[in-house]
Each structure stands twice: as C-alpha cells, then as structure tokens.
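Q: Can you take me through the terms used for this model, one by one? I want each label set against its definition.

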Amino acid sequence: MEPLSSAFTIDLRRLTVLRELQRRGSLARTAEALHLTPSAVSQQLSALARELGVPLTERDGRGVRLTGQAKVLLAHADLIAAQLERARADLAAYGEGGRGTVTVGCFSSGILGLLPGVLAGLRARLPHVRVDVVEAEPPDVFTALDAGRLDVAVAVDFAAAPPHTDPRYRRADLFRDVLDVAVPAGHRLAGRGRVALRELAREAWIVGAAHSCCGAVARAVCAAAGFTPDVRHAVNDWGALAALVEAGAGVALVPRLVRPLYAHRRIALLTTEGEPPSRNVFAAVRAGSEGDPVLAAVREQLVAAAKELAPDQAKDLAPDQL
C-alpha cells in the first residue's frame, strides 16, 4: 500500500460498502444486500484501500475479515455519516420542512396496525409532504436506511436488529406489542381465556420463517416457556396464518397489532398466564438526521399512534430520543 497522501479523500459510496461488509460479514451477503456482484464489492473495497493507502480486508479461510485499519476507519465513518445527516437536516430546517418526500420502512404487522394512523396524521399536518411506505425487516431495513433509500425504519427488536448502542442510528422505543395465542374456535382451550404457554407444547404450530422477526420472536417465546414448537407451517402473511388457524392446522402467537384481521374469523385469542410475551417496537433514523423537521413530525405521529394503540405499553420518550 502507498502511504497516506496529504490530499486525503474518501469516496463515501465505497465507505458505504465497507460499512455493509461490517454488518453482513461476507462479500456474498454484502453484494446481495447492495444489489451488486461479489466482484464489484471486492473492486469497491480494493479501490477504497488504494485511495487510503491502507489494507482494509485480509483473507480468512475462504472469506475475508476486516483489518485493524478498517475498524479504525469505520469508527470515523459513523461520525462522518452523522455529520452529513446533520447538514441535510439543517438545510431541511432552513426551508421549514413543508415539502418533500419521506420514505418509511416497516415490518408487515406494523404497516397493518400502526402506520395507518401515522399516515392520516401526517396528511393533515404536512399536506405537501409525500410519505412512501416500504415493507422491510432487519437487517434489510437498516441496509436501506444506511443507503438513503429509507428515511425512517420502524422495526422489532430481535437478533437481526442493531443493538441499542449502535452509533449509526438515533432510535426511540415506541411500545411493547403483546402477543396472544390464536387457536381454532373449537379447540379444547378456546373457552379458557387465559392459558399457560406450556399447555400448547404438544400442539402443531404455525409460525413465520426463522429469519423473519415474527418467526424468530415466536420461537424465542416458546423456548423461554420451556419447549421447542412443532412447526408444521412457516407463514409470514398474517391473513394466511389466520386462515390456517381457523382451519385447525395449528396454533400461533399473534401480535395485537393485527387483531382486526381476526375479528371475523372463527378463532379464539387467548392471553397467557403471568407476564405476557411481547416484542419491542422501535423507530430509528440515521444519526444526525433527527433535526430534520419532517422526520420530527414522523416521530411525533409514531409516538401518538403508539400511545393510542397501546396506552399501557407505550414508552415515554426522552427529549433527545430519535
């Protein structure tokens, strides 16, 4: 590598590729997330290394790992990205944020139960701001947020979500979405109203795919109750899941966000004994962008909608959150 020159510059697009490699851990997964080929990812990283004059990756078996120099650079990359977002927010604030477009990424049940109220409030408050919605879950929703394809991510905490301490984001916990047990109307426990989750350990289960937030959370809840569910059907669509429960194909854990979908079904929704299982719903923006007036309005509508949906489970935000 050439030594660092006095004309030190960084191509921010290549820096984005390095940040994604840190998250994904492999060239192949990074390429898939960024809609590039593995060769293109390698070329971007090699070009960035030549630009800086330091090695950024090294071989690790059949893959690569980040060098110490890369980790130093990534610590600065978070600060650089946050400062650019502050500049963007300051420019938006200068124009008072009355126009423009904001894109929100959200998981499916959040789109069903949370976002309609948010969108209605934003239409009344900012009639000249266009709000687009994209269905996405971690980690993809955060890849899109990093790349600027999304402005706000609404997500559920699970293994694929970034930790609370991730400096790339400003996040706010919104509410706890309680999970109930859905059983067919003729099920032996349907008239109970409240059950211990372990009573369903021998049942056939309907859960989401293991990599999805609904699937991961359902499996974790069952594990915490002391059993591994007998998963007969892997379904991510809440309407399809309801149809399978109604048909007697199994039981499922259902978030209260999607309860309206079950009102006309021959399904019993049972609460669990003790502390009910739940999932934490949060919103995040890129660090530095929280001062954008449109994003501030989105934040306030999300908080208001969360308090209306789950007044007992909604979180009180500190003034500096999101």
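A: Start with a definition: a cavity is a set of grid points where a 1.4 Å probe fits but cannot get out. The model is predicted. In it, the largest cavity holds about 50 Å³ of space. The search of the whole structure finds three cavities of 30 Å³ or more.

Q: Which residues line the largest cavity, and which helix gives the most?
A: The lining is Leu179, Cys214, Val217, Ala218, Trp238, Leu253, Pro255 and Arg279. Helix 8 gives the most, with three residues. Strand 10 (252–255) also supplies at least two.

Q: What makes the lining of the largest cavity nonpolar, polar or charged, by class?
A: Leu, Cys, Val, Ala, Trp and Pro count as nonpolar, and Arg as charged. The lining therefore divides into seven nonpolar, no polar and one charged.

Q: What is the volume of the largest pocket, and which residues are closest to its centre?
A: About 420 Å³ of space lies in the largest pocket. Of its 21 lining residues, Ala136, Glu137, Pro138, Pro139 and Asp140 are the closest to the centre. By class, the lining has eight nonpolar, six polar and seven charged residues.

Q: Which residues of helix 6 make the contact with helix 10?
A: Leu115, Val118, Gly121, Leu122 and Arg125. The residues of the contact divide into seven nonpolar, two polar and two charged.

Note on methods: Residues numbered from 1 in each chain as written. Predicted model: local features only at pLDDT ≥ 70, side-chain atom pairs only at ≥ 80, totals over all residues. Heavy atoms only, no water. Contact = heavy atoms within 4.5 Å. Helix = DSSP H or I, 4+ residues; strand = E, 2+ residues; numbered from the N terminus. 1 Å grid on protein atoms, 1.4 Å probe; cavity = no way out; pocket = protein on both sides within 12 Å on 5 of 7 lines; lining within 4 Å. Points joined across faces, edges and corners; volume = space filled by probe spheres on them.
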